[in-house]
Amino acid sequence: MASHRRPKQPSHGYTSVLTATAAVTVALSAQSASADPLPDPNKKGVQAQVDRLYEEATQATEKYNGAKESAGELQKEADNLHEEVVRKQAALNELRQQLGSVATAQYRSGGLDPSLQLLLSADPDAYLDKASGLDRLSARQSDTLKRFLSQQRALQQQRTQAAEKLDSLQDTRKELGSKKKEIQGKLAEAQRLLNTLTAEERAERTAKEERANRASERVELGNEASASGRTAAAFDAAKSRVGMPYVWGATGPGSFDCSGLTSWAFRQADVSLPRTSQAQAGVGTRINSIGALKPGDLVIMRTDLSHVGFYAGNGQILHAPKPGAQVRYESMARSGMPFMWGVRI
């Protein structure tokens, strides 16, 4: 039987020391409070603010990804239009040379065909209508003149289109810069808040993330029937990235954001997906019930559709969740993000 001894009562002198120490501590605390009237940030409040900023940063990241994809498409279209303008300008120059040669020959033989004054006319359309009735205008010359005028119109139209594309590209690049600044600002603010935590509190937060990452190695995925074919290959590719860090705007192979992981994984299976979670939400076959999902299906999260991952089975999602985290398995119910629907590619 364990013995129970009455604890020794502290001596009167020891009690006095404790009382004095407590009084000094209270006085120092009061002095500190009066010197710095701002209260220390609440631990849970700071953690919640950091998580909110990270969520807002990931939402802004998907908008950044969309703008970046649009900028790439606009750049390609502008480049193609520029190449087309160059080709049409070359063809127009060739026609101009042909008409110039005819004009030179006619001038030397005693006069310039009035139809060739088209090149100098302020109103080529009206002049061509008049010139078409002239006896000296041959069918071949008329055809050349009409082709010249048609190509001149087409060239001007494509120059206008190219200018419009470049204007749109400039606007999209401004949006890119704005979104990038927004993301960096939120991440910087999150880091500033984290710096207000004590070393012990920061270590606790880091340990929590590490536990979540390690739990990913022991997750039970169940025996649900998996998707097949290229979707299965994409899911296998994503599983090989577990442990890689989340980096906003990253598309692999060593770091990812949420839609960067899914689009990269499907590229490994020779399937091209849109870049953003919002766009990925609109492809394939929609699955409205979690119970109907198969491992390998895409899972669309949040009401603004700003998060995506792979359904992994047993209520788990394989995803790149947020800044400071790694690609990992995680319970959908505990992710803090509402399920919207699944997508089967």
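I started with helix 7, which lies across strand 2 (298-301), strand 3 and strand 4. It runs at about 60° to strand 3. This is a predicted model, so noted.

Next I looked at helix 6. That one lies across strand 3 (307-313), strand 4 (316-319) and strand 5, at about 100° to strand 3.

Then I checked the two helices against each other. Helix 6 (residues 229-239) and helix 7 (residues 258-267) pack at about 125°, with their axes 8 Å apart. That angle makes helix 6 oblique to helix 7. The crossing of helix 6 past helix 7 is right-handed. From helix 6 I listed Arg230, Thr231, Ala234, Ala237 and Ala238 in the contact; helix 7 brings Leu261, Trp264, Ala265 and Phe266. By type, the contact residues split into 7 nonpolar, 1 polar and 1 charged.

I found it open, with 6 strands in the order 1-6-2-3-4-5 and antiparallel pairing. Strand 1 (285-287) and strand 5 (328-331) are the edges, each pairing on one side only. Neighbouring strands are turned by 40° against each other on average, ignoring direction.

Thr285 has Arg344 of strand 6 as its bridge partner.

Last, confidence. The chain averages a pLDDT of 80, and 74% of the residues score at least 70. I marked residues 1-41 as staying under 50, with 3 contacts beyond four places in sequence. Residues 133-137 also stay under 50, and there the model has 14 such contacts.

Methods
Residues numbered from 1 in each chain as written. Predicted model: local features only at pLDDT ≥ 70, side-chain atom pairs only at ≥ 80, totals over all residues. Heavy atoms only, no water. Axes fitted to C-alpha atoms, helices over the stretch in contact; angles between N-to-C directions. Helix = DSSP H or I, 4+ residues; strand = E, 2+ residues; numbered from the N terminus. Parallel < 35°, antiparallel > 145°, perpendicular 65-115°, else oblique. Left-handed = near helix turned anticlockwise from the far one by under 90°. Contact = heavy atoms within 4.5 Å. Nonpolar A, V, L, I, M, F, W, Y, C, P; charged D, E, K, R; others polar. pLDDT = per-residue confidence, 0-100. Pairing = 2+ DSSP bridges.
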